Amino acid sequence: MWDSRLALFSSPLHTRAMVVLLLATLDTKGGEAAFVRDRLRELGVEVRLVDCGTLQPPSVAPDVPRETVLAAAGTTLAEVRARGDRAHAVQAAARGARKLALELHARGELEGVLGLGGSAGTTIGTETMRALPIGVPKLMVSTLASGHVRSYVGDKDILMLNSVVDVLGINRVSRRVLSQAAHAMAGLVRFARGDASAQDKPIVAATMFGVTTPCVQRAKEVLEEAGCEVLVFHATGTGGQAMESLVRDGLVQGVLDLTTTELADELVGGVLSAGPARMAAAAHAGIPTVASVGATDMVNFLALDTVPQRFRERRLHRHNDHVTLMRTTPDENRRIGAEIGRKLAARRGPA
């Protein structure tokens with residue numbers, strides 16, 4: 001079924017090597033997307049404009065039509081329109097755009113992804129970007145970029161550019177912001193990425209928090225002297241998720257998990273959880289792991305007034321105006337320790 005859908009691709013997408021995908025809903029963001037496309041082409045970047053709209057006709061001609069996007073998602077434009085459900089349409093477009101981007105990347109033809117939009121466009125664009133490996137340029141111009149963007153960025157290297165004004169028309173503000181986006185993407189795809197001289201060094205991933213910094217710094221020095229490259233992740237939820245992602249991608253040869261504080265937030269209810277799968281990737285990969293209980297004596301919240309009412313009588317420490325720490329109890333410590341032990345015991349490699 002998928003083989004038949006490949007014929008729906010416009011020929012330029014297949015005859016050109018290394019392209020930037022420009023994702024936008026062309027029923028509402030056509031003029032703005034065309035502006036960015038033209039700027040990219042002026043800068044010498046090969047770009048393919050992908051129509052992720054569904055409900056209204058596109059206002060400009062795409063390089064990759066919406067029918068192709070929806071076919072990649074396993075549906076049709078007629079089916080989506082018959083539902084008349086905007087949320088369903090956005091989900092379908094996101095699945096299709098993600099599938100097309102991954103296909104291009106697998107063939108070595110994807111140079112980067114740039115998205116434009118409000119809530120729908122940001123959902124579609126960032127879902128596509130999160131599916132791609134770290135290092136593939138990802139830039140999202142969004143009306144939501146000045147707010148809480150963790151759900152959009154996840155554990156990937158996505159650049160969120162605040163559109164300042166709504167993505168609706170070309171004016172003196174949007175012209176500058178959209179031009180910035182085009183120049184930023186051109187710079188990302190033109191200049192060298194990474195240090196080839198470090199490619200042969202084994203990578204050790206380490207987790208760190210303020211209270212574990214001296215230990216991690218010293219361990220990093222020792223490991224580097226031994227010929228390793230050390231990647232340090234701030235254990236703030238997204239940091240742990242990013243580490244797990246790199247381990248799953250097979251880029252890490254060892255884990256120095258000295259700061260397991262994200263498990264405390266997951267089990268007790270803090271704001272810096274990395275999810276229930278924290279510590280699972282290394283266990284599955286079977287790579288050597290050294291783990292400790294760094295910062296598991298605290299659970300993290302934001303400003304003091306954000307601490308849930310059920311915790312207000314607990315021992316709290318105002319770290320700064322934006323971070324409040326709550327001391328864990330003996331019972332919580334037992335649960336955290338049992339969870340760390342269970343996850344270490346499940347590993348196939350040395351731990």
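Residues are numbered from 1 along each chain as its sequence is written, and side-chain values use heavy atoms, with hydrogens and water left out. Because the model is predicted, local features need pLDDT of at least 70 and side-chain atom pairs count only at pLDDT 80 or more, while totals for chains, interfaces and linings use all residues.

**Helix pairs**

Helices (H or I, at least four residues) and strands (E, at least two) are DSSP runs numbered from the N terminus. Axes are lines fitted to C-alpha atoms, for helices over the stretch in contact, and angles run from 0 to 180 degrees between N-to-C directions.

| Pair | Axis separation | Angle |
|---|---|---|
| α12 (residues 261–268) and α14 (residues 330–345) | 10 Å apart | about 120° |
| α6 (residues 86–106) and α7 | within 8 Å | roughly 30° |

The angle makes α12 oblique to α14, and the crossing of these two helices is right-handed. Contact (heavy atoms within 4.5 Å) involves Leu 263, Ala 264, Leu 267 and Val 268 of α12, together with Glu 332, Arg 335, Ile 336, Glu 339, Ile 340 and Lys 343 of α14. These contact residues comprise six nonpolar, no polar and four charged.

For the other pair, the angle makes α6 roughly parallel to α7 (angles under 35 degrees). The crossing of α6 and α7 is right-handed as well. On the α6 side, the residues that meet α7 include Val 90, Ala 94, Ala 97, Arg 98 and Ala 101; on the α7 side, they include Ala 120, Ile 124 and Thr 128. The contact of α6 with α7 divides into seven nonpolar, two polar and four charged residues.

**Surroundings of α12**

The buried residues are Thr 261, Glu 262, Leu 263, Ala 264, Asp 265 and Val 268. They pack against β7 (229–234), α11 (238–248), β10 (298–301), β12 (323–327) and α14. After α12 comes Gly 269, whose phi is positive, near 120°.

**Thr 128**

Thr 128 lies in α7 (residues 119–130) and is buried, with a relative accessible area of 1%. Its side chain reaches the backbone oxygen of Ile 124 at 3.0 Å and the backbone nitrogen of Arg 98 at 3.4 Å. Not counting residues up to four places away in sequence, Thr 128 touches Leu 23, Ala 94, Ala 97, Arg 98 and Ala 101.

Methods
Angles under 35 degrees count as roughly parallel, over 145 as roughly antiparallel, 65 to 115 as roughly perpendicular and the rest as oblique. A crossing is left-handed if the near helix is turned anticlockwise from the far one by less than a right angle, and right-handed if clockwise. Ala, Val, Leu, Ile, Met, Phe, Trp, Tyr, Cys and Pro count as nonpolar, Asp, Glu, Lys and Arg as charged, and the others, Gly among them, as polar. Buried means under 20% relative accessible area, exposed over 50%, partly exposed in between (1.4 Å probe, protein chains only). A polar contact is a pair of N or O atoms within 3.5 Å; within protein, one must be able to donate a hydrogen and the other to accept it, and residues adjacent in sequence count only if both atoms are side-chain atoms.
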